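Here are some notes to read alongside the model.

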Amino acid sequence: MAETLQNLALGFSVALQPSVLLYAFVGCVVGTLVGVLPGVGPLAGISLLLPATFGLTATNAIVMLAGIYYGAMYGGSTTSILMRIPGEAASVMTCIDGYAMARKGRAGAALAIAAIGSFIAGTGSVIALMLLAPPLANFALRFGPPEYFTLLLLGLLVLAYMSGGSMVKSLAMAVLGLLLGMVGIDQMSGYFRFAYGVMELGDGLGVVPIAVGLFGIAEVLATAGQEVPPKVLKPKLRELLPSRQEWRDSVMPIGRGTVLGFLIGIIPGSAHIISSFVSYAVERRLSRHPEEFGQGAVAGVAGPESANNSATSGAFVPMLALGVPSGPIPAVMMAALMVHGVSPGPLLITQQPELFWGFIAFMYVGNLMLLALNLPMVGIFVNVLRVPYSFLYPSIIMFCVVGVYAVNGSVVDVWIALIMGALGYILRKLGFETAPIVLGAILAPMIELALRQSLAMSDGQYTIFISRPISGTLLAFGAALLLLNLVSWMVRGLDWRRRIPLDEKGENL
């Protein structure tokens, strides 16, 4: 422990240097803007600014890129809460209860809880990263394709089970998302699937157009279709801070989101996205008032926001300790280090202690910096709600279209978002949840690749999924969930989930 503290002191001596603080600040500001703008996610932001880091030192470069990653997680909640547009994919679950809180005049409280929850989760996960990196990274190495496949499958089943309403409907939406995720080039054979001659579909249907369409555009359509237009909100300054009850309601979800996000973060995949979905499902299941979810539950904001920030630190564990990127964003950051002649891996800690511990110390500093940046801006952001809907909704549509177009510069993506908006509106009217579609589209390429790699390992034998201990255990959990749902269906009177309205229902329809 004494050695760890000594190393941390070395890290702070690096992280508090003026040049490092300057690049950290630039990264945090850019990251917050990247998170706020719909469609421009952290991956796009980091990729665009990667060439700008080539002239910097390795420490300054990694600190600036990490600042963008962290900042995007903070900023992504803003448009989700105020306009029901996910700034980036990890904020999709925040849309549901964050926007509902905003409609109740609690937008300031939702933004404050999201920012403080992100700060606590980010700081907690950095401590865990510092202490638990090597053993946890070793455990994550035991995951092969069969384990990934069963883990991702379990993620879909958990989300469907925890969702309100029918599990069959939720699974149907997840399958629709998986089908959407099948469009594009086959990863193993290079064959074009379901592209119908449209070259832009070669890379598949982007998650951003799907999420922006299903949540942002569908929300505008649903509100515009109301017989009586909603009143324009005029939040008061004293309502910006969370009440005592809201603080109490957010404490445990923040704690659970921190632990859950960190553990999911060390597993390869889009951890920060998956962690927010799983956290929302867990909070709904554990809540004493599950019927409040979808109607403005504080836990529905605190849990997912904490989880996606915690997963950000967790994702650095395999990257720094083993040199294995756990997703596309750590992969780009690892590439930035390698450009500077630094090879992440087991020898990084001993060969480049200033860089490793400086990076760890920056994460403490970066969290404080982002909290100081975001909390004072809550009052400014909330004023967006004062804008009359005749001006606000056309602006939202414009942001959606420009944001989606900006990702790839593709008009096809804009059409996808518009079609998804219409589809989302129809599905909401029919009582279907749309969140599983987004998760299905995100997981489809990973599930397909893991399934085919697993079958290639076993010469086509499906028994590989039950013969390996970890994948067999995960499958057993999935089967138990299906069984529980069947029992609940048979004993309808005892099924608590029947009393929960669907997320997409409620006062907004």
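1. A word on terms before we get going: helix axes here are lines fitted to C-alpha atoms over the stretch in contact, and angles run from 0 to 180 degrees between N-to-C directions. Helices (H or I, at least four residues) and strands (E, at least two) are DSSP runs, numbered from the N terminus. With that in hand, take helix 4 (residues 58–83) and helix 5 (residues 92–103): they pack at an angle of about 55 degrees, with axes 6 Å apart.

2. Please keep in mind that this is a predicted model, where local features need pLDDT of at least 70 and side-chain atom pairs count only at pLDDT 80 or more, while totals for chains, interfaces and linings use all residues. Residues are numbered from 1 along each chain as its sequence is written, and side-chain values use heavy atoms, leaving out hydrogens and water.

3. Now the overall picture. The chain has 22 helices and two strands. Of its 509 residues, 58% are buried, where buried means under 20% relative accessible area, exposed over 50%, and partly exposed in between (1.4 Å probe, protein chains only).

4. Ser-77, Ser-80, Ile-81, Leu-82 and Met-83 of helix 4 meet Thr-94, Cys-95, Gly-98, Tyr-99 and Ala-102 of helix 5. Sorted by class, this contact has six nonpolar, four polar and no charged residues. For the classes, Ala, Val, Leu, Ile, Met, Phe, Trp, Tyr, Cys and Pro count as nonpolar, Asp, Glu, Lys and Arg as charged, and the others, Gly among them, as polar.

5. Then have a look at helix 9 (residues 207–224) and helix 19 (residues 411–429), which pack at about 55 degrees with axes 7 Å apart. That makes helix 9 oblique to helix 19. This crossing is right-handed. The contact involves, among others, Pro-209, Ile-210 and Gly-213 of helix 9 and Asp-413, Ile-416 and Arg-428 of helix 19. By class, it has 13 nonpolar, three polar and three charged residues.

6. Phe-194 has a positive phi of about 55 degrees although it is not a glycine. Phe-194 lies in the loop between strand 2 (192–193) and helix 9, and is partly exposed at 46% relative accessible area. Asp-459 is not a glycine either, yet has a positive phi of about 55 degrees. Asp-459 sits in the loop between helix 20 (435–457) and helix 21 (464–467) and is exposed, at 70%.

7. Last, a couple of serines. Is Ser-306 buried or exposed? Ser-306 is buried, with a relative accessible area of 0%. Ser-306 belongs to helix 12 (residues 299–314) and, leaving aside residues up to four places away in sequence, touches Gly-117, Ala-121, Ile-254, Gly-257 and Thr-258. Ser-19, in helix 2 (residues 18–36), is partly exposed at 34%.

Definitions and conventions:
Angles under 35 degrees count as roughly parallel, over 145 as roughly antiparallel, 65 to 115 as roughly perpendicular and the rest as oblique. A crossing is left-handed if the near helix is turned anticlockwise from the far one by less than a right angle, and right-handed if clockwise. Contact means heavy atoms within 4.5 Å.
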